[in-house]
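Trainee: Could you walk me through this one? I'd like to start with a single residue and then move to a sheet.

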Amino acid sequence: MNLLGPVKDIMTANPYTLTPSATIGDAAKIFDEHKVHHIPIAIDNTLLGIVSMSDYLFFRRGFLDNRDDEKIEDIRMNNYEVSFIMTKGIATMESTEKINVALEIFKENLFHAIPIVDEGVLTGILTTHDIIKNLAKDNEAYAEYD
Amino acid sequence: MQNTTEIKVLGTGTSKHQMVTSVLKEYINKAGIEITVNDCNDIDSFLNYGIELVPAVIYKDQIFNIGSNGSFNVALRKVVTAILKNSNFGHLEKIVIPIDFSNVSSNAFAYGHRLATDLGAVTKAVHVFSPSANEVVEGTTENIDFIKLHEVYLEDFVATFDHDWGSDLMRVSLIDSEYRTGFPGEQILDSIDENAADLTVIGSTGKTGFFQKWFGSVSTKIMNESPSPVLIVPEGANYHGVHRIAYAYDNINQDKKVISELASFADRFGAEIHLIHVENGGVPDPGYYLSELLCKEYPSALIITSSIKTDDISKGITDYCITKSIDIISLSTHKKGFLELLYDDSISQKVSAMTKLPLLVLK
């Protein structure tokens, strides 16, 4: 993986997104079916926030010790929108920025995903998992200008 | 003796201390209660009160610790609720939601609580314990205190909805719980009256067949006798905001009160009002008259009138509600015959739609 290459080389393009009015139950379905940990919240590809698996588990926390209450859990998830738990005002990057800039952002902060936004349009998402996946493909990371 | 119209917020000026003060001020202001909120940064006085952890709130000689254990947000919500409860939450709107811990009522509670959040109202969870003959016998012979048991159920239920799940927790409607014993119908009506409830949200059984069976006898009683509007939430309904409210009417002259009530309810959400007239037996459509009445109370841009020509009234209205993605259907109790027409026979297609559409009964 060339650390000086653009993030678009390793990002996940066209990620699963939800609108702010989608329910937390809809987010749960995406987490479950597609094994992702972050869902950008957008209207017409304009980014508004992001819901992570941790936000979702935090919402459900009260139920984890009582598995009998699954029905109430479903009811709550279907009556609350993702806008209640999404993180707003998040860091974004453009797809042409360099991968090492993303590494610095991940190093300095506690989050694990950066939405990639080009001219106001959400084009992808870069997660720490993308970086690990690409590192694992190579034998080693290198830096080289084209 | 502390001044009863004063709240002292003890702390050292940290961000949490400031947050407690500002949240209390905001809520007291919203509720229009005459209580002053004062900061107290004097460490000596903390010791006098015997407080080890700050921030803490002192009201009417009662000490509320915030964040000493568990969640800061939940503790703060409890303090605000306890203080406002003394004045029945002032000007804040109150939504009474009866619960019996069934799935139907849990769903109605979730729906109503979410609606209350959008309205900036307070949610009142009311549970009425009505002991069955079995419970009376068991209670006497096996020494089980069912009253206590149901109180604990209620606390647990409220805690389920009131636990900390996000940074926006203060934005969510405050929940106050009320435990009563007696006949459910009467007790709920008493609670609506005592709390001066602005709206009652109640679950419907969703069974097909006769009118009473559909809504359940308690819901029917409350719908008929409550002085304020009642929102009946079927089990399959989930809250997705209120964007479109349909008002179905036939040929009966509408009274002004119902119309203005509908307009003010819709206005809170900026929702469209769909006036649906069902042409039944060649009765002329009084839609223009209704829109004229509504325009005085409500922006005319959001009023949509339409007329349905069909032999099957309920199917016509249901189809309209599906195609226009109506969120709430509204009717007035004056027209019970019409209401029964909507719900009273069991065509499978109609049933599937009506099991998802909340019904607002205006007075």
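**One residue, then a sheet**

Mentor: B:Ile99 sits in the loop between strand E5 (94-98) and helix H4 (103-119) of chain B. Helices (H or I, at least four residues) and strands (E, at least two) are DSSP runs, numbered from the N terminus. This is a predicted model, where local features need pLDDT of at least 70, side-chain atom pairs count only at pLDDT 80 or more, and totals for chains, interfaces and linings use all residues. Residues are numbered from 1 along each chain as its sequence is written, chains are lettered from A and ligands numbered from 1 in the order in which they are written, and side-chain values use heavy atoms, with hydrogens and water left out.

Trainee: Is B:Ile99 buried or exposed?

Mentor: B:Ile99 is buried, because its relative accessibility is 4%; buried means under 20% relative accessible area, exposed over 50%, partly exposed in between (1.4 Å probe, protein chains only).

Trainee: What does B:Ile99 touch?

Mentor: Not counting residues up to four places away in sequence, its contacts (heavy atoms within 4.5 Å) include B:Phe109, B:Val126, B:Leu154 and B:Phe157. B:Leu154 is 55 residues from B:Ile99 in sequence, with 8.6 Å between their C-alpha atoms.

Trainee: Now chain A. In what order do the strands of the open sheet come?

Mentor: The order is E1-E5-E4, with antiparallel pairing; two strands pair if DSSP finds at least two bridges between them. Strand E1 (12-13) and strand E4 (113-118) of chain A are the edges, each pairing on one side only.

Trainee: How many bridges join E1(A) to E5(A)?

Mentor: Two. A:Thr12 has A:Ile125 in E5(A) as its bridge partner.
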